[in-house]
Amino acid sequence: MMDLTGKRVLIAGGASGIGAAAAAAFKQAGASTAVFDIAFKEERLAEGVLELPVDLSDSDAVKAAFERLWRHWDGLDVLVNNAGIELVASLEETTEAAWDRLMGVNLKSVFLCCKAALPKLKISRGCIVNTASQLAFVGAGSFTAYTASKAAVVNFTRSLALETAADGVRVNCICPGAVDTPLLRRQFEGKRGPQGTIDDLIGLHPIGRLGRPEEIASCILFMGSPLASFVTGSAMLADGGYTIH
Ligand SMILES: NC(=O)c1ccc[n+]([C@@H]2O[C@H](COP(=O)([O-])OP(=O)(O)OC[C@H]3O[C@@H](n4cnc5c(N)ncnc54)[C@H](O)[C@@H]3O)[C@@H](O)[C@H]2O)c1
């Protein structure tokens, strides 16, 4: 059992799926835990977790959310950038607005939160864990914009790790395969997804099933803990073997 008592952990995008599981894992490990998410209606303390509503793609809103967070905490040890949306569309179907929205949530939010949190992370010699995707490393038809956003998160992670290594701040990302979350289920609502059915998608994972949010949360927890003290600039695949071939 990991003991992160005394650590302050912020999950950006943690109201559901992988982020909610990560928040639960850090809380269970004894960390003070806060969550930013667009799905929240108001600031509140829910079973010991501080919830703050914010659109993470909006720089003014992100600034305001961190100002509110600093009223509760005077520092930060772990930032998890997990907010993400999917866009299932061919290039011809992808509008400029949809592209901007996707990049705003999946990529710009990572930039905005890292920028806001870095001064505190330098003081605490803390760390950042970003959620990318196995689709950062392979192509996927109808996911052109999504794969581009996640590949960018991987190289953002590597370059920021270089920038901050001398300050003792580690930066890593986790690259999940298909995980059974609301985001994934929305792809298949009443239709075949671009990868066919859920069973077809499962077939792309040699492990023979979808991942569970808790299985990705445990990778995030590891990366955010002292157990990963020599790990920085890493893109950890947790994809059930999707990218082995
Ligand atoms: N589920 C998968 O198969 C899978 C695979 C690889 C990577 N991922 C990545 O994992 C992360 C979590 O995805 P998930 O599957 O748990 O999805 P999810 O939809 O369950 O959770 C995503 C969370 O991000 C929040 N969010 C979305 N837009 C936001 C915004 N503008 N501001 C603030 N919060 C916002 C949502 O409200 C939600 O709570 C995403 O970055 C996703 O791209 C998921």
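Trainee: What makes β7 and β8 count as paired strands?

Mentor: β7 and β8 share 4 bridges, in the parallel sense. Two strands pair if DSSP finds at least two bridges between them, so 4 bridges are enough for the name. Strands themselves are DSSP runs of E with at least two residues, helices are runs of H or I with at least four, and both are numbered from the N terminus. At one point of this pairing, Pro-176 stands opposite Ala-238 in β8.

Trainee: What kind of model is this?

Mentor: This is a predicted model, in which local features need pLDDT of at least 70 and side-chain atom pairs count only at pLDDT 80 or more, while totals for chains, interfaces and linings use all residues. Residues are numbered from 1 along each chain as its sequence is written, and side-chain values use heavy atoms, with hydrogens and water left out.

Trainee: Which strands belong to the open sheet, and in what order?

Mentor: The sheet has 8 strands, ordered β3-β4-β2-β1-β5-β6-β7-β8, with mixed pairing. At its edges are β3 (44–46) and β8 (235–238), each pairing on one side only. Neighbouring strands are turned by 20° against each other on average, with direction ignored. Such angles lie between N-to-C directions and run from 0 to 180 degrees, using axes fitted to C-alpha atoms (for helices, over the stretch in contact).

Trainee: What makes β6 a mostly covered strand?

Mentor: Of the 5 residues in β6, 5 are buried. Buried means under 20% relative accessible area, exposed means over 50%, and partly exposed lies in between (1.4 Å probe, protein chains only). In a regular strand the side chains alternate between the two faces of the sheet. On one side of β6 are Cys-127, Val-129 and Thr-131, on the other Ile-128 and Asn-130, and all are buried. β6 also pairs with β5 in the parallel sense over 4 bridges, and Ile-128 is the bridge partner of Leu-79.

Trainee: How do you know which residues Leu-79 touches?

Mentor: Contact means heavy atoms within 4.5 Å. Leaving out residues up to four places away in sequence, Leu-79 touches Leu-10, Cys-113, Cys-114, Ala-117, Leu-121, Cys-127, Ile-128 and Val-129.

Trainee: Why is a group of residues called a nonpolar core?

Mentor: The name is for a set of buried Ala, Val, Leu, Ile, Met, Phe, Trp, Tyr and Cys residues joined through side-chain atoms within 4.5 Å. The largest one here has 35 residues, and those with the most contacts inside it are Phe-36, Leu-69 and Leu-79. Among the elements that give two or more residues to this core are β1 (8–12), α2 (59–72) and α4 (144–164). α3 gives the most, with 8 residues. A second, separate core of 27 residues includes Ala-25, Ile-216, Ala-217 and Ile-220.

Trainee: How do you know whether Ala-21 is buried or exposed?

Mentor: Its relative accessible area is 12%, so Ala-21 is buried. Ala-21 has its place in helix α1, and the residues that Ala-21 touches are Pro-213, Glu-214 and Ala-217, not counting those up to four places away in sequence. Other buried residues of α1 include Gly-17, Ile-18 and Phe-26. Helix α1 (residues 17–28) lies across β1, β2, β4, β5 (78–81) and β7, running at about 170° to β1.

Trainee: How do you know that the span of α4 agrees with its number of residues?

Mentor: The expected span of a helix is 1.5 Å times one less than its number of residues. For the 21 residues of α4 that should be 30 Å, and the end C-alpha atoms are 30 Å apart, so the two agree. α1 has 12 residues and reaches 17 Å, close to the 16 Å expected.
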